[in-house]
Structures are given as C-alpha cells and as structure tokens.
Amino acid sequence: MPDDIAPSPPADRGYLTEKGFLSWACTLDHKRIGLLYLGTTLLFFLVGGVFALLLRMKLMYPGEELFSNKAYNVFFTLHGIMMIFLFIIPAIPSALGNFLIPLMIGARDVAFPRLNIFSYWIFLAGIIVILASLASPLDTGWTFYTPYSATTGAAVTVLSFGIFLVGMSSILTGLNFIVTIHRLRAPGLTWFRLPLFIWSMYATSIIQVLATPVVGITFLLLAAERIFGVGFFDPAKGGDPLLFQHFFWFYSHPVVYVMILPAMGIVSEILPVFARKPIFGYKGIAYSSLAIAFIGFLVWGHHMFVSGMSDVAGIIFSFLTFFVAVPTGVKVFNWIATLYRGSISLDAPMLYSLTFIFLFIIGGLTGPFLGALATNVHLHDTYFVVAHFHYTMMGGTVIGLFAGLHYWFPKMFGRMYSERRALTAWLLIFFGFNITFFSMFILGVQGMPRRWAEYPERFQPLHIASTAGSWFLALGTVLMFWNLFRSLFRGGPAQPDPWGSKTLEWRTGSPPPTHNFAEIPTVTEWPYGFGKKEKERE
Amino acid sequence: MSGTESHGGETPAQALATAKLGIWTFLATEVLLFGGLFTCYIVFRLKYPELFYTEHLKLNRPLGLVNTVVLITSSLTMALGIAAMKQGLRRRATACISLTILLACGFLGVKYVEWSEDFSHGLYPGTNLFFSLYFMMTGLHGIHVVAGICALCWVLVLARRGRFSPEYSTPVEITGLYWHFVDLVWIYLFPLLYLVG
Amino acid sequence: MLNTSSTKAYRTYILVWLALLVLTVVTWLVSYVHLGMLNVTVAMLIASMKALLVALFFMHLRYENRLLWAFAIIPLGFLTLIIGGTLADVLLRD
C-alpha cells in the first residue's frame with residue numbers, strides 16, 4: 001500500500017506539464033476538462049456550504065435573529081440552487097466522469113473533444129447568467145413552483161436562461177459519454193468487462209440526455225410565462241400550475257439518480273480493490289444501474305402527493321416508487337457480499353465507501369416512508385424530507401465523491417495525500433454529518449416544517465444539536481480539502497497503481513500522459529479478478 | 001456537432017458511425033424538448049376542445065400548407081445534396097444545399113407574414129392558451145430552423161472549399177439528419193395547429 | 001449503399017417526396033370533412049406515415065443497424081411516459 005513505496009524522483013507531470021491560461025481554457029484533453037469541472041463545482045460546493053452554515057446558525061434561535069426571515073428565504077434558495085445545479089449534478093459526472101471514462105475504457109479521449117470543452121464553456125456561461133440573476137433577492141426555493149415564481153419580482157427570467165444553459169451543458173456531456181462508451185472501448189473490452197463505474201455513468205448519461213431537455217423546456221415556458229404571460233401555468237388563464245410541477249419533477253426526480261448513480265459506481269470500484277475480492281454480482285450491479293435509471297423516470301409524481309394531484313395518479317406513482325428499492329437493494333446486498341470475508345484495508349477511499357453504504361442505507365430506507373401515500377401526508381414538507389435527501393445526497397453522493405477523490409487523487413495529480421489527516425477529516429465528517437442530519441429526522445417526525453425561518457420553541461434543542469453537528473461537518477470538510485490541496489504541492493510521488501487496482505486507468509502513468517496510453521491496451525478479462533490468482537502470485 | 005473532431009476510430013467510416021450516434025442522441029434530446037410542448041398541447045386540447053376549435057380557424061391555412069410543402073421540399077433537396085456529395089458531384093451538392101437554405105429562408109419568410117398577420121389581428125402569445133401554444137411551438141420550431149440555416153451555411157462554406165469527398169462528408173450528413181428532424185417536427189405541428197386545432 | 005446505385009437513390013428520394021406531398025394534400029382535404037374525434041386520429045395517422053417516410057428514407061434509418069434504431073425509438077417511449085403520467089393526473093383529477 002502507499003506507505004511502503006520508496007520515494008521516487010519527481011515524476012513526469014504527464015498531461016499537467018503544459019502551463020498557462022489558454023492551455024486550460026481551450027484544452028481538448030478530457031482530463032483537463034475534468035479538472036476544470038472539478039474546480040468549478042467544488043468552488044460552488046464551498047459557497048453553498050457557507051450558506052448552509054448560515055442557515056443552521058440562524059436556526060439555533062426560534063425567532064427572527066441573526067438575520068431577517070427574508071434573508072433566510074434567499075439563503076436557502078441560494079443554497080439549493082448552487083448545491084443542486086452547480087455542484088451535485090455536474091460534480092461526479094462531469095468532473096470524475098470526464099477524467100475517468102476514456103481512461104477506464106482505454107481510449108485516448110472522449111468521442112467529441114471539441115463538444116466537450118464547448119459544454120464546459122456553456123456551463124460557465126450558465127453560471128455567469130445564474131450569478132447575475134442572484135443580484136435580485138431570489139426567494140423561490142430551488143423548485144421554482146408556479147405561480148409564485150411566475151409573479152415574484154426576483155429575476156427568475158434571467159435565472160431560467162442560466163439553468164437552461166447549465167442543462168444544455170449537462171446534455172452535451174451525457175451525449176458525449178454515451179457515444180464514447182459505445183464507440184471507443186479498447187479492443188477486448190466487451191460490455192461485461194466494463195468497470196462498474198462505466199456502467200453507472202452510462203445509466204447516468206441516459207438520464208441526462210432524456211430528462212434534461214424537459215427541464216429546459218420547463219424553464220423556457222416559465223420565462224415565457226413571465227415575459228409574454230402565455231398562461232400555461234396560470235389558472236386565471238385556464239392554465240394548470242401542476243403542469244409545471246409535472247414537468248419539473250419529470251426532470252428533477254430522475255436527476256437525483258444522476259447524482260447518486262455515479263457515486264454508486266465509485267463505491268463499486270473501490271470495494272473490491274480494498275477488500276481484495278472480486279465484486280459480487282457484477283451483472284446484478286451493472287443491470288441495476290440501468291434499472292434505477294429507467295424506474296427513476298416512472299416515479300416523479302411522488303413529489304406531488306399533497307399538491308392536489310388526482311388520487312389515481314397518486315396511487316400509481318406511490319406504487320411505482322417502491323420498485324426503485326429493488327435495484328437499489330440489489331446493489332447494497334452485492335456490496336455487502338463483496339465485503340464478506342474480504343481482507344479489508346481501511347484506507348481513506350474505503351472508509352468513505354463504507355460510510356457511503358451506511359449513510360445511504362439510512363437515506364434509502366427513509367425513502368419508502370415518503371413514497372407511501374399515507375405517511376407522506378404527514379411527513380411531506382417536514383424536516384424528515386430534508387434529512388432524507390441530505391442522507392442520500394450528502395451522505396450518498398458527496399461522500400461517494402470524497403471516496404472517489406481520495407481514490408483517484410494519486411492518478412489525477414501523481415501525488416499522495418496524508419493518510420492520517422484524511423482519517424481525522426473522515427472522523428469529523430462522519431460524526432458531524434450524523435449529528436446534523438439525524439436530528440432532522442426526529443425534528444421531522446415531531447412535525448417541524450421545512451423552509452420555516454421561525455419555529456415553536458420546543459424544537460430548539462434538536463436544532464441546536466443539528467447546528468453544532470454542522471460545525472464538525474464543516475471542520476472535517478475543510479480539513480479534507482486542505483489535506484488534498486496541500487498534497488497537490490507537497491504530496492509524495494504516486495506510483496501508477498498505488499492501490500493495486502485492475503481497471504485500465506491504473507495501467508498508465510500517474511498523472512497519465514496527454515494521450516492516456518503509450519499503446520492502447522488490449523483487454524482479456526474483467527477488472528475485478530482479485531483473490532485466487534493474487535494469492536498464487538504471493 | 002463537432003463531427004469533424006470525432007475520434008471514433010481510425011477510418012472515416014467509423015468516424016461517421018460515431019458522429020451519427022452522436023446526432024441521433026442529440027435528436028433524442030430534441031424529441032423531449034418538444035415533448036414538453038406536445039404534452040401541454042394534449043392537456044389543454046383535452047381540457048378546452050371548443051377553444052381550440054374556434055381559435056384554430058383564425059390561422060392562415062393556405063400559408064400553413066405552403067410552408068409544409070416548402071419544408072418537405074427542402075428535406076428532399078438536402079437528401080439529394082448528400083447523395084450527390086457521396087458521388088463526388090460537388091457542384092450538384094452545393095447547388096442542392098444552397099437550394100435547401102433558400103427554401104428554409106422561404107419558410108421563415110412565410111412564417112414572418114403569418115405572425116405579422118396574427119399580430120395585426122391582435123393575436124399574441126398570451127391572448128389565449130391556443131395562441132400561446134401556437135406561438136411557443138412555431139417559435140421554438142422557428143429557432144430550430146434558424147439554427148439549421150446556420151449549420152447549412154457552415155456546411156456550404158466547407159463544401160465550397162472542397163473539404164468533402166465521397167469518403168468524407170460527415171458534417172453534411174449530420175446537418176442533414178438534423179434538418180430532416182426539423183422537418184419531422186413540422187409534419188406534426190402542421191396538422192395539430194392548422195388542421196385539427 | 002448510395003454511391004453504388006445512385007440514380008436509384010435519387011429516384012427513391014423523389015418518390016418519397018411525391019408521397020409526402022400527396023399525404024399532405026390528403027390530410028389537408030380530410031380536415032374539411034367533419035368526422036368528429038376521427039379527424040384527429042386520421043390527421044395523426046397521416047402525420048405519422050409522413051414521419052416514418054422521412055425517418056426511413058431521408059434519414060436513412062432503413063439502412064442503419066439496430067443500435068441506431070434503438071436510439072431513434074427509445075426517446076419516443078419516454079415521450080409517451082411524460083404524456084401518460086401527466087394525463088394520469090390531469091384527466092382523473094376531480
């Protein structure tokens with residue numbers, strides 16, 4: 001493992017050799033584009049995190065303290081918009097996906113490199129437009145429900161175009177990945193020899209391509225509503241406000257699988273490596289990614305149970321929602337079976353992966369409470385929902401991203417990080433996270449509504465606990481980033497394959513050369529052949 | 001699409017297959033982009049059949065018919081242009097592409113006349129749900145026509161510079177596929193808006 | 001496939017174009033006959049026939065492999081999904 005590798009002389013900087021602004025801004029290299037996305041999205045993760053901390057600070061007090069309730073509305077909107085549209089949706093797919101997909105399938109680049117950098121520029125343009133719209137106090141929440149969003153004085157129109165652009169970038173990235181995975185696999189790399197991260201990214205890309213256009217048209221219609229008063233969402237003109245919710249959730253529900261599927265892929269890569277065992281149920285995990293992507297399209301109505309939707313639709317959507325649990329369960333059981341009797345080493349990537357499984361089980365299993373019509377009526381729009389999606393999104397996706405960052409950091413930058421600091425950070429994050437968000441489950445069951453700036457005093461103790469937890473969480477996150485950031489310059493050199501992995505990206509230098517491989521490798525087996533052969537070799 | 005930059009293998013044929021997969025994926029996204037509007041259409045038409053009936057009579061049917069013929073013909077010239085390019089008949093191909101651009105501009109011209117007519121009758125987006133849909137749908141389609149014209153002009157310039165050969169004509173084919181899709185959308189918009197209202 | 005039998009390809013394109021024109025005129029004429037709900041059905045049927053002609057011949061789908069067919073058909077399934085799901089609410093709301 002990494003510690004016993006003798007320090008070697010400063011290695012070849014690979015694709016990072018070239019310096020200068022233009023070499024990054026106009027690069028066609030998928031690895032550099034991946035890093036551009038990584039930097040951009042992590043920046044918004046930090047900004048969104050600061051808003052989260054502000055919100056938690058205010059919620060320590062039941063009354064209107066620290067800052068006004070209006071400011072509170074604006075802050076939770078900003079927290080949502082930044083975390084969802086600028087961080088979590090693009091973070092793993094666009095950043096790690098871009099960096100890893102060609103490497104993992106033994107290609108020199110994605111199918112359309114120019115389209116790739118173009119979609120990054122669109123992403124930046126979208127960010128600029130969104131930031132411009134934030135000059136007005138945006139207080140719609142990240143869901144932009146009509147009629148409020150159609151009538152408020154905030155710059156929702158401008159924001160709509162920003163989100164349209166960000167969405168377009170997401171579509172083009174997904175398109176690029178789909179074509180890349182279909183067309184550019186190395187010789188011998190059949191579908192069932194693909195790393196599971198590729199399977200999950202393929203499923204993710206399908207969602208990005210098929211769901212994102214719908215949110216595109218939704219925001220265009222919202223803008224048209226505000227500019228021309230087209231009336232599609234306005235009951236006074238015969239329109240239907242629920243139509244907006246249908247369209248919005250037709251995108252925004254599948255998109256939660258855009259967030260979680262890549263993280264599941266990361267975990268599926270890390271577990272066999274650090275348990276030194278072949279992944280259990282490869283095909284099950286691979287197909288369940290596609291199944292989650294597909295079923296994810298059938299269940300959007302479960303966000304609308306109390307909106308006045310028809311009962312029949314409610315029953316159908318509730319029924320279908322439970323099917324999401326099947327492929328998800330398949331994954332979790334296969335992961336656990338992979339761990340069974342493995343020789344597990346608890347390095348940072350593995351710790352985060354195990355944390356992912358633990359937190360995701362909690363987050364996932366609280367889903368059926370919300371998906372069932374009857375309990376939903378009670379839990380709808382309470383802190384239970386907030387806790388549920390933070391357990392899946394932060395406990396799932398973000399922790400998965402952290403796992404991936406620690407796992408592929410040596411590959412990306414050719415340096416190792418301090419394992420000890422990584423473990424301290426993990427400890428803070430793990431406990432901070434659970435204190436912050438488990439309190440919210442209890443708050444939710446007790447009836448605390450989400451998005452309220454003020455609340456009855458009886459909720460205060462748990463709110464204080466949650467806020468205190470958020471500080472540990474923040475401290476751990478900062479420490480983690482500091483550790484990685486510091487290692488960019490001071491970390492010891494990394495070997496091409498520091499973890500003893502078998503996927504193709506480890507068969508080239510750390511960091512990889514500009515065109516990835518000196519010679520395109522030929523694949524003869526799946527990448528999870530740990531165990532037997534290895535023991536023989538020892 | 002940056003079909004020219006495709007790394008989809010060494011041979012032009014492989015690169016073409018990669019680019020085709022790309023454009024078909026893109027068209028899939030377009031189906032769902034228009035899909036939102038089609039859903040609106042269906043919902044409101046089922047809710048207000050009388051409104052749709054009385055309002056659609058206010059549209060200029062003959063002009064709609066003319067535009068349908070224009071767009072279908074432009075699809076034909078596009079297909080002929082690609083076939084000519086594959087034979088290496090560059091002059092015939094550029095003539096066909098130019099004709100396609102001309103027809104596309106004609107389509108927009110007719111659209112302009114129609115919209116001005118509507119405006120002069122006090123029919124705007126927001127007048128009622130039917131006209132909102134009419135303007136949104138034809139508007140979004142119009143934007144696609146404009147984008148198509150831009151792509152076609154780019155292809156025309158490349159063709160004039162002799163960039164294409166019977167072996168390599170990927171951008172022409174990709175633009176062609178997009179253009180046929182624009183035609184396809186109109187094939188549905190025409191009866192939905194002008195004929196059955 | 002096209003350069004080997006190019007004159008045939010030209011002829012196919014022109015025949016398809018003629019068929020599209022005929023169908024356009026037919027749908028135009030039918031719209032003046034009052035058939036009630038049948039009007040929509042006929043119009044959509046004709047439109048779909050036209051769409052099929054464009055896709056099969058102009059867009060070469062006829063000559064493409066199964067993967068491309070899947071890419072062409074799957075989005076239509078999802079289109080049905082959004083329409084169906086929305087209607088399940090809108091039509092049955094009281």
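These legends go with a set of close-up views of a predicted model.

Walk along chain B from the N terminus and the elements read α-α-α-α-α-α. Along the principal axes, the C-alpha trace of chain B spans about 60 × 30 × 20 Å. Watch out for residues 1-8 of chain B, though, where the pLDDT is below 50. That stretch still has 37 contacts in the model beyond near neighbours in sequence. For the complex, the predictor gives an ipTM of 0.93 and a pTM of 0.95.

**View 1. Helices H3(B) and H6(B) cross at roughly 160 degrees.**
Their axes come within 10 Å of each other, and the crossing angle makes H3(B) roughly antiparallel to H6(B). The crossing is left-handed. If you want side chains to look for, the H3(B) face includes B:Arg61, B:Gly64, B:Thr68, B:Leu71 and B:Ile72, among others. Across from H3(B), the H6(B) residues include B:Trp179, B:His180, B:Asp183, B:Trp186 and B:Phe190. Sorted by class, the residues of this contact come out as 11 nonpolar, six polar and three charged.

**View 2. Chain B meets chain C through 35 residues of chain B and 36 residues of chain C.**
On the chain B side, helix H1 (12-47), helix H3 (61-87) and helix H6 (170-195) each put in at least two residues. H1(B) gives the largest share of that side, with 13 residues. What is the chain B side made of, by class? Count 24 nonpolar, eight polar and three charged residues there. So H3(B) and H6(B), the pair that is roughly antiparallel, turn up here too as suppliers of the side that touches chain C.

**View 3. Chain B also touches chain A, with 27 residues from chain B and 34 residues from chain A.**
Here H1 and helix H5 (129-160) of chain B each supply at least two residues of the chain B side. H1(B) again has the largest share, this time 14 residues. By class, the side of chain B that touches chain A has 13 nonpolar, 13 polar and one charged residues.

**View 4. Chain C is divided into domain 1 (1-63) and domain 2 (64-94).**
The C-alpha centres of these two domains lie 22 Å apart. Where they touch, domain 1 of chain C and domain 2 of chain C put in four residues each. The domain 1 side of that contact has three nonpolar, one polar and no charged residues. The average pLDDT of chain C is 91, and 94% of the residues score at least 70. Which helix of chain C has the lowest confidence, and which the highest? The lowest is helix H1 (residues 6-30) of chain C, at a mean of 93, and the highest is helix H3 (residues 66-90) of chain C, at 96.

**View 5. In chain A, helix H9 (residues 254-275) packs on helix H13 (residues 348-365) at an angle of about 125 degrees.**
The two axes are 9 Å apart, and at that angle H9(A) and H13(A) are oblique to each other. Their crossing is left-handed. From H9(A), look for A:Ala263, A:Val267, A:Ile270, A:Leu271 and A:Phe274. These meet A:Pro349, A:Met350, A:Ser353, A:Phe356 and A:Ile357 of H13(A). The residues of this contact divide into nine nonpolar, one polar and no charged.

**View 6. The loop between H4 and H5 of chain A holds A:Phe144, a residue with a positive phi.**
Most residues other than glycine have a negative phi, and most peptide bonds are trans. A:Phe144 has a phi of about 55 degrees although it is not a glycine. A:Pro147 also sits in the loop between helix H4 (113-133) and helix H5 (148-151) of chain A. The peptide bond from A:Thr146 to A:Pro147 is cis, with omega near 5 degrees.

**View 7. A cis peptide bond in chain A joins A:Ser510 and A:Pro511.**
Its omega is about -5 degrees. To find A:Pro511, go to the loop between helix H18 (460-490) and helix H19 (532-537) of chain A.

Terms used. Residues are numbered from 1 along each chain as its sequence is written. Chains are lettered from A and ligands numbered from 1 in the order in which they are written. This is a predicted model: local features need pLDDT of at least 70, side-chain atom pairs count only at pLDDT 80 or more; totals for chains, interfaces and linings use all residues. Two residues are in contact if their C-beta atoms, placed from the backbone, lie within 7 Å. Helices (H or I, at least four residues) and strands (E, at least two) are DSSP runs, numbered from the N terminus. Ala, Val, Leu, Ile, Met, Phe, Trp, Tyr, Cys and Pro count as nonpolar, Asp, Glu, Lys and Arg as charged, and the others, Gly among them, as polar. Axes are lines fitted to C-alpha atoms, for helices over the stretch in contact, and angles run from 0 to 180 degrees between N-to-C directions. Angles under 35 degrees count as roughly parallel, over 145 as roughly antiparallel, 65 to 115 as roughly perpendicular and the rest as oblique. A crossing is left-handed if the near helix is turned anticlockwise from the far one by less than a right angle, and right-handed if clockwise. pLDDT is the predictor's confidence in each residue, from 0 to 100. Domain bounds come from an automatic or database domain assignment.
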